[in-house]
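Dear colleague,

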Amino acid sequence: MRSILANDYPRELIEIIVVDNGSTDESAAVARDGGAIVLRCDSGSVAELRNRGARAALGSIIAFVDSDHEIDSLWISTAVAILANPAIAATGAAYLAEPSANWVQLQYDRLRDRPATRQDVNWLGSGNFAVKRLPFESVGGFNPRLTACEDVDLCNRLLGAGHRIVADPGLRSVHFGDPRTLKALFLGELWRGRDNLRVTFSGPRTLRHFRSALIPVTVLALLAGGLLALLIGYPGLALGCSLLSVAPAFLKASHMLQRRRRQDNSVPSPVRSVMVAGRRAIEALAVAVVFDMARALALLARGSHRARRSA
């Protein structure tokens with residue numbers, strides 16, 4: 001909340017509403033001391049909690065900033081300027097990894113598509129998201145029946161209603177909740193992938209949009225095929241299916257490394273360069289494989305938010 005109050009924007013025009021989902025620390029007291037309205041909601045999906053906060057808000061623009069985020073000092077003024085365009089309904093940007101991120105978090109951050117300039121997008125994460133009240137309410141807000149992917153679903157419905165969604169690099173938001181271990185990454189994506197198919201097929205009918213659903217379906221089918229081949233005595237076929245199941249992860253890791261190279265301005269020695277490149281390739285592949293496997297298994301197993309948080 002400190003980063004919201006530090007924004008270069010008239011304080012009297014900022015209304016802060018904190019939805020307290022059963023916290024057991026001093027979060028609510030700290031929020032009240034900072035001038036926030038605190039709503040105690042011990043139950044409900046993430047989507048429903050966001051809707052409760054939105055219903056209590058009075059402004060014509062509703063911004064969602066998760067509790068483990070810090071936003072830039074010009075975040076509010078940038079969002080207001082973008083949403084002054086009548087054709088644009090929502091704006092935001094991909095999250096940034098925390099400054100002290102470890103290798104898992106740094107590689108996980110490479111999965112994010114972060115445009116260098118303002119551009120139209122199909123989806124934005126709801127932890128760093130501003131939307132005009134009228135379009136938000138006209139499409140029914142977040143779907144409270146969804147456990148995860150509520151932001152993808154909302155963006156699908158905004159686009160379907162003819163609205164524009166714009167990402168802007170000026171809406172910087174540091175996320176302190178990225179997974180620090182491969183276990184935490186696995187449990188997090190197992191939870192996030194629960195509603196992936198349901199939400200994806202309710203959106204635009206494009207191959208790029210369907211990719212997030214097609215990859216886990218393909219990976220799961222190859223894993224199942226490999227297990228079946230092994231059980232009936234075809235180890236070669238089982239090995240082939242296993243290798244094919246990680247092919248999307250190899251492609252994903254390649255894209256992650258390309259993004260890393262574009263951002264790396266250092267010039268290490270040739271020997272160190274080879275060693276660093278090899279280590280980064282292994283790290284990127286490990287994160288990509290765990291990500292894809294979790295999203296595939298999410299089609300069968302129902303990950304929980306509690307398990308994700310505990311990891």
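Helices here (H or I, at least four residues) and strands (E, at least two) are DSSP runs, numbered from the N terminus. Please bear in mind that this is a predicted model, in which local features need pLDDT of at least 70 and side-chain atom pairs count only at pLDDT 80 or more, while totals for chains, interfaces and linings use all residues. Residues are numbered from 1 along each chain as its sequence is written, and side-chain values use heavy atoms, with hydrogens and water left out.

The chain has 14 helices and 10 strands. Its radius of gyration, taken over C-alpha atoms, is compared with a globule rule of 2.2 Å times the number of residues to the power 0.38; for 311 residues a compact globule would come near 19 Å, and the chain's 21 Å agrees with that. Of these 311 residues, 44% are buried, where buried means under 20% relative accessible area, exposed over 50%, and partly exposed in between (1.4 Å probe, protein chains only).

Helix α7 (residues 150-160) is largely enclosed by the rest of the structure, because eight of its 11 residues are buried; among them are Glu-150, Asp-151 and Asp-153, as well as Leu-154 and Cys-155. Just after α7, Gly-162 takes a positive phi of about 90°.

With a disulfide taken as a pair of cysteine sulfur atoms within 2.5 Å, a search of the whole structure finds zero. Cys-149 is accordingly in no disulfide, and the nearest cysteine sulfur, that of Cys-155, is 11 Å away. Cys-149 counts as buried because its relative accessibility is 14%, and Cys-241 counts as buried at 12%.

Asp-292 lies in helix α13 (residues 270-297) and, at 3% relative accessibility, counts as buried. Leaving aside neighbours within four places in sequence, Asp-292 is in contact (heavy atoms within 4.5 Å) with Ile-215, Val-219, Pro-248, Ala-249 and Lys-252. By contrast, Asp-292 and Ala-36, which are 256 residues apart in sequence, are 39 Å apart in space, C-alpha to C-alpha.

Leu-237, found in helix α11 (residues 235-245), counts as exposed because its relative accessibility is 51%.

Finally, among contacts in the chain between residues at least 6 apart in sequence, 75% join residues at least 24 apart. The C-alpha atoms fill a box of roughly 70 × 50 × 40 Å, taken along the principal axes.

With best wishes
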